[in-house]
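Please read these notes with the structure open beside you. They are ordered so that each point can be checked by eye.

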Amino acid sequence: MKSSFGNTFNHASLLSLLKEHFGFTSFRPLQEEIIRDALAGRDVVALLPTGGGKSLCFQLPALARTGLTVVVSPLIALMKDQVDALQANGIASTFLNSSLSAQEIQARLRGVYRGEYQLLYMAPERLMLPESLNDLQKWQVNLLAIDEAHCISEWGHDFRPEYRRLVELRERFPALPIMALTATATGRVRTDIRTLLKLQNPSSYVASFNRPNLTYRVLAKASPVDQVLAFLMSQPQESGIVYCQSRKTTELLAERLQAQDIKAKPYHAGLTPEERSRHQELFLRDEIQVMCATIAFGMGINKPNVRFVIHYDLPKNIESYYQETGRAGRDGLPSECLLLFSAGDTVKQQRFINEKPGIQEQQIARLQLQQMVQYAECPTCRRVELLGYFGETYTPENCEGCDNCLSPRDTFDGTEIAETLLSCIETIYDTSGFSVGLNHVIAVLTGANTEKIRRWRHNQLPMYGQGKAYSRPAWAAMARELIRLGYLRQATEAFSVLEITAQGRAFIQERHTITLTKPISEPTRKTKPTDEQAHDESLFARLRQLRKTLADERDVPAYVIFSDVALRQMAQEYPTNEQEFLRISGVGSRKLEEFGADFLAAIAEYLENNPRQSFSNTSTPPLSAPTRGKTKPLNETTRETLRLFQRGFTVEHMAKQRGLTASTIYGHLEQAIQAGEPVDINRLMTAEQQAHIASAFVKTGMGNLTGAKELLEDLYDYGQLRLFRAAYGKSSQ
């Protein structure tokens, strides 16, 4: 094995590689530092959140020097995904796994021996085969990148025993630099990564876990299928994942969604490998909208335009929840994370915990489940709770991206309730000599007639039946909040008994006011204030269709061509030449060469019949400086539409006579209004229709055509809405 390190790369040369191959003009936080250490031959531990650009940290060093970067990846789908994306950027890469025939494997191995590839992806099982280890000695390997490195730790949420063997690579190739990457790991897991891989004085990078583009919400679970359907109606045409606990639920939910004309498929370990692969491919290529999945669908889902993640059932711990919600919004655009919470779901999780082999493992799982329930019920900022779990402090008073910040829940004086509950727990212990669990305490308070209550004579206690004013679920929710506030402690042993803490005893001795929060319910819908999505919706739709056509021709997922971020920027800035197109995020020299002509032609064709829109949120200066104080003259086809309209022709008649769509005719009339020509909008829509459209724009803002169209239940097309907006703008000047 040959390797050479110590090469120096300045900031400008790294940026040049970044733009040329990936189309970006700047690094994300910590990327450049990680890349520099890798190029210097150092071991590195990199903890970057999902969507934070982990892959670039080993992909760019592979381009900066000769030799081979070997990437350990746990999933076949992830390997193919990343290799497809790399090849679309003109980067020589390949993978070796069980999906290939023996002939394909041999052909790719010959290419590796000839030095044709810069990156090689392999699963840990294949990499640790004797023949693979022998091959490594003959290849010019300069970096071993271990993706999803948390899999090496039993404390990680997705422990995989096969990762433990990777330490043999350090023993066999002591000079080979190792980069360990993960998107989620607590301090203990990070320590395991460093120790179990025997990393040598590694550089450690921990980026913020904050995903500011994600909005976190929790709803009280009630008629969950209807809740999912209602949510999907608010996200038309968007891609998302619904996580369910059981295989049966994924299939039943997918069937219910299909019955409502929503394209959905199930995904779970009970399906054949061919079925799982086909369903995943349909999802990646935007052929289906929703994947109803168990946690079998997850790691390595490299689909950047997942706009929502719904948890139909309670996750087993916060790490799993963070990892799964992190599959939304990888492209940085606003996305939603919804958890449907029912305390009853904890019973299912407890059954799984009781089946775990070791007592210590059960205790850890119970503690993690308690933390997950506390997150679901917390009245404070969910971002603070999530980031705090990973040891990160979040200081803003309002994150503007969770239900508790957008729609704070009401509070009430819970002093009497706390006193009643703590007194009951204390009395049971004093009279019986032992502690009991939460369910038994609630049974005493609500006057239940159970066998245990009769046997232990707890029906003779003064507190028996004193809490009938509240339901059992209400008592449970209030008790869990007192646990979260520190007045009670719930043991992690099998019986999970309740104990009064020192803080709780201080309250009993010297009572003070305790404020509790009303349980979660469906919040008043408020959205995170943002204008990041403003763009020309009609052009965006055309560009998405073009992207899909090009992707299907190449047999790759759509986002391999361009991300939603890139398409929205195109629909915002209307590039008309190669220089302007290169300024779009994600456009490098290879993408310009392969796709530039198609997208520039589509934009130019669109602009022939539709006016440019202006947006206040553009992140870069206008691609073409507008002529100030002058109105673009109408072309001949637009003037012909105006002449026919002034002669009394209807939109439908003009469209049929001229072989155009009604939307194009509306676009011509919109241009005429903007040019100052007289267009009587009353001929095109009634006063009632105008009032209807106006009321929608009042709610959504004049710049949000998509929002207005949805609010109006698709009664009007985009052409009509743009025409009304143009007429309204003229009348208000």
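1. The charged end of R382 sits over the ring of Y375, 5.4 Å from its centre, where sitting over a ring requires NZ of Lys or CZ of Arg within 6 Å of the ring centre and within 35 degrees of the ring normal. In the same way, K303 has its charged end over the ring of F283, 5.1 Å from the centre.

2. Please keep in mind that this is a predicted model, in which local features need pLDDT of at least 70 and side-chain atom pairs count only at pLDDT 80 or more, while totals for chains, interfaces and linings use all residues. Residues are numbered from 1 along each chain as its sequence is written, and side-chain values use heavy atoms, with hydrogens and water left out.

3. Y375 is among the buried residues of α15, buried meaning under 20% relative accessible area with a 1.4 Å probe and protein chains only.

4. The whole structure holds 15 aromatic pairs, counted when ring centres of Phe, Tyr or Trp (its six-membered ring) lie within 6.5 Å, with planes under 30 degrees apart called stacked, over 60 edge-to-face and the rest tilted. The rings of Y487 and F507 have centres 6.0 Å apart and planes at 75°, so this pair is edge-to-face. Y487 lies in the loop between α21 and β15, and F507 in helix α22, 20 residues apart.

5. Y487 counts as buried because its relative accessibility is 8%, and F507 counts as buried at 2%.

Key. Buried means under 20% relative accessible area, exposed over 50%, partly exposed in between (1.4 Å probe, protein chains only). Helices (H or I, at least four residues) and strands (E, at least two) are DSSP runs, numbered from the N terminus.
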